[in-house]
Amino acid sequence: MKLFAMVVVLAVLFTGATLVSCGGSTEFKLGGVGPVTGEAATFGVSTKQGIEMAVAEWNAKGGVLGKQIKLYFADDKGDPAEGATVYTKLIQQDKVSAIVGTVMSKVTLAGAPIAQSSKVPMISPTSTNEKVTQVGDFIYRACFIDPFQGTVGAMFAFNDLKAKKAACIFDVGNDYTKGLSEAFKAKWEALGGQLVGYEAHATGTTDFKAQLTKIIQQKPDVLYVSDYYNDVALIAKQARELGYKGPLVGGDGWDSPELVKIGGAAVENGFFTNHYSPADIRPIVQDFVKKFKDKYNAEPDALAALAYDATYIMLNAVKTAGKADGSAIRDALAKTDLGVVSGQVKFDANRNPIKSAVIIEIKGGKQVYKTTVNP
Amino acid sequence: MGSIINAQQIVNGLQLGSIYALIALGYTMVYGIVRLINFAHGDFYMLGAYAAYGAFFVFNSFMPISGPLAFIVLVIAMGGGGAIALLANRFAYKPLRYKPKLSSLVTAIGVSMFLEYFFSALPVIGPSPRGFPEIIPKQMYTFLGAEISNYVVIDIAVAAILMISLTFLIQRTALGRAMRAVSQDKDAAKLMGIDVERIISWTFLIGGAFAGAAGLLAGMTYPRIQPYMGILPGLKAFIAAVLGGIGNVPGAVLGAYIMGLAETFANAYNSLLGEGIAFVILILVLLVRPTGILGEKVADKI
């Protein structure tokens, strides 16, 4: 009797499984990955919301390739080992045609080789580590990498602030701030600007006066400060004390309420680059913010916006490819030219997006949307 | 060279040197009396900054920003630095006074780490940096082509007044005489009826108070305070004390100003090598004069 029951159960399971795989032809399977639990849980939740919202919108418009999109979302728990497991599961078991994920670079780096060897195209919404897309030609990302902010900062200073002479100050012991300043310098000189100072400082120091004195004596029109908000506040104060009155420009390391608390009036006339701002006045952004608020009752952060964008970029590539084939989707991704919430996106040869960044101004102690810069 | 050595850079260096000098004095006094390198000294400086921060908000709630308020904050910063130094001496160093020197040295490192982690764990202080208030409204002057704020003047003046008072105390008072006696020979001083432990306590109190004053000045000048803020200045002030000749009071001041100016010029000359150059100068000086610029010849050094 027991044996009979088992046979029945197995038979039912088998039929069920066959039915599901038959169902595959009527739906497009999209994988999603994010750390919904664990140390980066808020990142994961935002990411999942962004992906789900984009999928729901596409399905409401009739899906992709004439099929409804079925989302298989997996939790990587912010752990590289778990990440490798869920990528394998999505590809081997759920047989997804493409993946949107994941958030943290260290986890993406664990999952990307699996997607690459299975020829499943994937796009990470927010992994900024340069190595991520170097894994292979099936791996893309929706966010710009850190040094790109230096490039955008230089363009903003040159075109919008009309500066002619610039100077940089950065932390010699930190790749993020060094990378931003290097990119700023390269772009600035390419634009034909004059670089009158390029000074480093030691990590953890509080006295920047020697470097700032040297810089300010060259009378720069703009000072590029690629540090994190803590150092930016002190650098701004000391620069103002030494008589510098011009604008300060920096990267998303400035993005903290502490900047104004410590820096006070000194950080006014300061501008920094960021991926996205909910205060961006472009209609596509305002529309997204409104829809997201209606659905989740919260203001979308940059993670939600980038996950939403990454999903749009991927589904758009599937549509262009015309079939659920990995290599065809990959080729379509490479030709992407799509306007999304975080800007107009194209990809360079390293599969990093060339896209616009928003400039946020510190005005009256508040962060105010200033403009969007297209590279 | 105009962009490296000029009035502004000299002012920058003197300002930094004044803060180092106040810290270096505490290192050198304690070393002179008990032959202990008190690595927790940088943390007394941190504590002074936090005491000043707290005192400012308490007193500013019923007092306007004014000279007397700034003076009260200074006294509390010095009191805070002095009190923690006394406590550290009483509970950590005194029990080990006649034990091997290495034990005291390791204990000093322990006290330093304890203070840093204890204060970052305290909910009222916490690990994140805080902005330091403007205790005195900032004003700017232009002098010989240099932009000078009243803070520069205050830093240098407070340091000078405290250093002159200390010299007077050491040279002209009974307490100073006793300090000099203990530093020369503890046992002989004891035979002469000097309460050695009391003199040691006084030394810690004064050294800690100076560090506390430096903490306030640093907080005003570089308005960001955090529990680990004492590590780097503490280390540099220690080096300044060694450069000037550890155990020697004028030497510590000289060493601190050399350190402040060297660091400023080095950073202005090449900020990528930056402070590395300052340390090369230190090594060169010590190669020529191993006991420091004004140091006495003593055999037992740690």
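This is a predicted model: local features need pLDDT of at least 70, side-chain atom pairs count only at pLDDT 80 or more; totals for chains, interfaces and linings use all residues.
Two strands count as paired here if DSSP finds at least two bridges between them. In β14(A), A:I359 is the bridge partner of A:T273. That contact belongs to an antiparallel pairing in which five bridges join β10(A) to β14(A).

On to the next neighbour: β14(A) also runs antiparallel to strand β15 (residues 366-373) of chain A, and seven bridges join them. In this pairing A:V358 sits opposite A:T372 in β15(A). The two strands make a hairpin with two residues between them, and A:G364 in the turn has a positive phi of about 60°. How many of the seven residues of β14 (residues 357-363) of chain A are buried? Five of the seven are, so the strand is largely enclosed by the rest of the structure.

Looking at the pairing itself, β11(A) and β12 (residues 343-347) of chain A are antiparallel over three bridges.

The peptide bond from A:G101 to A:T102 is cis, with omega near -15°. A:T102 is placed in the loop between β3 (98-100) and α4 (105-117) of chain A.

Then there's A:K119, in the loop between α4 and β4 (122-124) of chain A. Its phi is near 55°, a positive value in a residue other than glycine. A:K119 counts as partly exposed because it has 15 C-beta neighbours inside 10 Å, and a residue needs 20 or more to be called buried.

A:N269 is another non-glycine residue with positive phi, in this case near 65°. A:N269 lies in the loop between α10 (258-263) and β10 (270-274) of chain A. With 17 other C-beta atoms within 10 Å, A:N269 is partly exposed.

Chain A is divided into domain 1 (2-144 + 283-356) and domain 2 (148-274). Their C-alpha centres lie 37 Å apart.

Which residues touch the most other members of the largest nonpolar core? Among its 211 residues, they are B:A21, B:L22, B:A24 and B:A213. Though those four are in chain B, the core draws at least three residues from each of domain 1 and domain 2 of chain A. Leaving aside residues up to four places away in sequence, B:A21 touches B:A159, B:M163, B:A252, B:V253, B:A256 and B:Y257.

## Chain B as a whole

Chain B has eleven helices and four strands. Its radius of gyration is 19 Å, close to the 19 Å that the globule rule gives for 302 residues, so chain B is as compact as a globular protein of that length. The C-alpha atoms of chain B fill a box of roughly 55 × 50 × 40 Å along the principal axes.

Buried residues account for 49% of the 302 residues in chain B. Take the contacts in chain B between residues at least 6 apart in sequence: 77% of them join residues at least 24 apart.

Chain B has a hairpin too, made by β2(B) and β3(B) with two residues between them. Strands β2 (residues 140-143) and β3 (residues 146-149) of chain B run antiparallel, joined by four bridges. Here B:Y141 stands opposite B:I148 in β3(B), and B:L144 in the turn has a positive phi of about 50°.

## Where the chains meet

The contact takes 24 residues from chain A and 20 residues from chain B. On the chain B side, α1 (7-34), β3 and α10 (249-269) each supply at least two residues. Which element of chain B gives the most to the side that touches chain A? α1(B) does, with four residues.

Key: Residues are numbered from 1 along each chain as its sequence is written. Chains are lettered from A and ligands numbered from 1 in the order in which they are written. The radius of gyration is taken over C-alpha atoms; the globule rule is 2.2 Å times the number of residues to the power 0.38. A residue is buried if 20 or more other C-beta atoms lie within 10 Å of its own, exposed if 12 or fewer, and partly exposed in between; C-beta atoms are placed from the backbone. Two residues are in contact if their C-beta atoms, placed from the backbone, lie within 7 Å. A nonpolar core is a set of buried Ala, Val, Leu, Ile, Met, Phe, Trp, Tyr and Cys residues joined through C-beta atoms within 7 Å. Domain bounds come from an automatic or database domain assignment.
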